[in-house]
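Subject: Structure for you to look at

Hello,

Here is the structure I said I would pass on.

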Amino acid sequence: MAEEGYKVTLNVYDLSNGLARQLSTSFLGKPIEAIWHTGVVVYGNEYFFGGGIQSTPAGSTPYGRPLRVVELGVTHLPREVFEDYLRAIAPRYTAETYRLLTHNCNNFSNEVAQFLVGTGIPDYILNLPAEVMSSPMGPLIMPMIQNLESTLRNNAAPQATQFVPTPASVSVPEPEKVAATPSSTAAKPEEPAAAAEKISREAAAPAPAPAPAPSPAPAADPLGSARGKVQEEVMREFAAIMASGTLRASEAAALAMRRVMERHGDAATMQQG
């Protein structure tokens, strides 16, 4: 196997489950194909950045079935060398260093792909944040993105998940420790819920003059109130999910966004009908 090399592929997921394609024109003023998440598959495992560097047997990540699989090439590096490399870069990929726009799962996949096969992942994945921020709604959603990042960092597990080569050590979700004792289940979730409510109040506040967009102000104004309502809904949903104590903050945020987008998607469908 070492002589022939190890096949390296990229699993590409759409975190919005198709809703980005349906609703992006309404929300952003331009079409977005998907909200991309990626993981690199090699040596029978999938490696990805989520609260730290994670490793699971290929096909068993929490993201379901990939939307597409991209062939990246073949590596001749032994698995041990690759895992030593992951340990070396682990301090740069923690919950604290995560940045939604500039240091995310796709940036990790790109760096790992370059190490393994000397080439990066497709540009359309890496360019998604710039594409979103260049949309008419980009300046308006920036405060929401910053609040979300702050919430994820504040409510993440105190110890970032560092890479460990044995898959079993990676699959122990932090919330299960909370759920182990009934009393702690009731007490712990209040902190993230309170944090989310605080962020929701801040989001609902008049917001200190978000640098007015130069020219397309007329087009952005009608959508501003709608965006504010959606943001409030997301934060309320996030608080409710975190109060249950069953999911990590990053998973709760993704689920909250998905539920709100689905509600608005259903409402749009009813109006059209």
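E33 is partly exposed, with a relative accessible area of 35%; on this scale buried means under 20%, exposed over 50% and partly exposed in between, with a 1.4 Å probe and protein chains only. E33 forms a salt bridge with R68, where the closest N and O atoms are 2.8 Å apart. A salt bridge here is a side-chain nitrogen of Lys or Arg within 4 Å of a carboxyl oxygen of Asp or Glu. R68 is partly exposed too, at 29%.

This is a predicted model, in which local features need pLDDT of at least 70 and side-chain atom pairs count only at pLDDT 80 or more, while totals for chains, interfaces and linings use all residues. Residues are numbered from 1 along each chain as its sequence is written, and side-chain values use heavy atoms, leaving out hydrogens and water.

The protein chain has 11 helices and five strands. Both are DSSP runs numbered from the N terminus: helices are H or I with at least four residues, strands are E with at least two.

Back to the charged pairs. R21, E33 and R68 are linked in a network of salt bridges, and the count of salt bridges comes to seven. Another of them joins K7 and E71, with 3.3 Å between the closest N and O atoms. K7 lies in strand 1 and E71 in strand 5 (residues 68-75), so this pair ties together parts that are 64 residues apart in sequence. K7 is exposed, at 52% relative accessibility, and E71 is exposed with a relative accessible area of 52%. E237 and R259 also meet in a salt bridge, at 3.0 Å from N to O. E237 is buried, at 15%, whereas R259 is partly exposed, at 35%.

Now the nonpolar part. A nonpolar core is a set of buried Ala, Val, Leu, Ile, Met, Phe, Trp, Tyr and Cys residues joined through side-chain atoms within 4.5 Å. The largest one has 31 residues, and V42, F82, L86, F108, V112 and L116 have the most contacts inside it. Helix 3 gives the most to this core, with five residues. Leaving aside residues up to four places away in sequence, V112 touches V40, F82, Y85 and L86; contact means heavy atoms within 4.5 Å. Apart from this core lies another, of six residues, among them V234 and F238.

Finally, H37 lies in strand 2 and counts as buried, at 2% relative accessibility.

Regards
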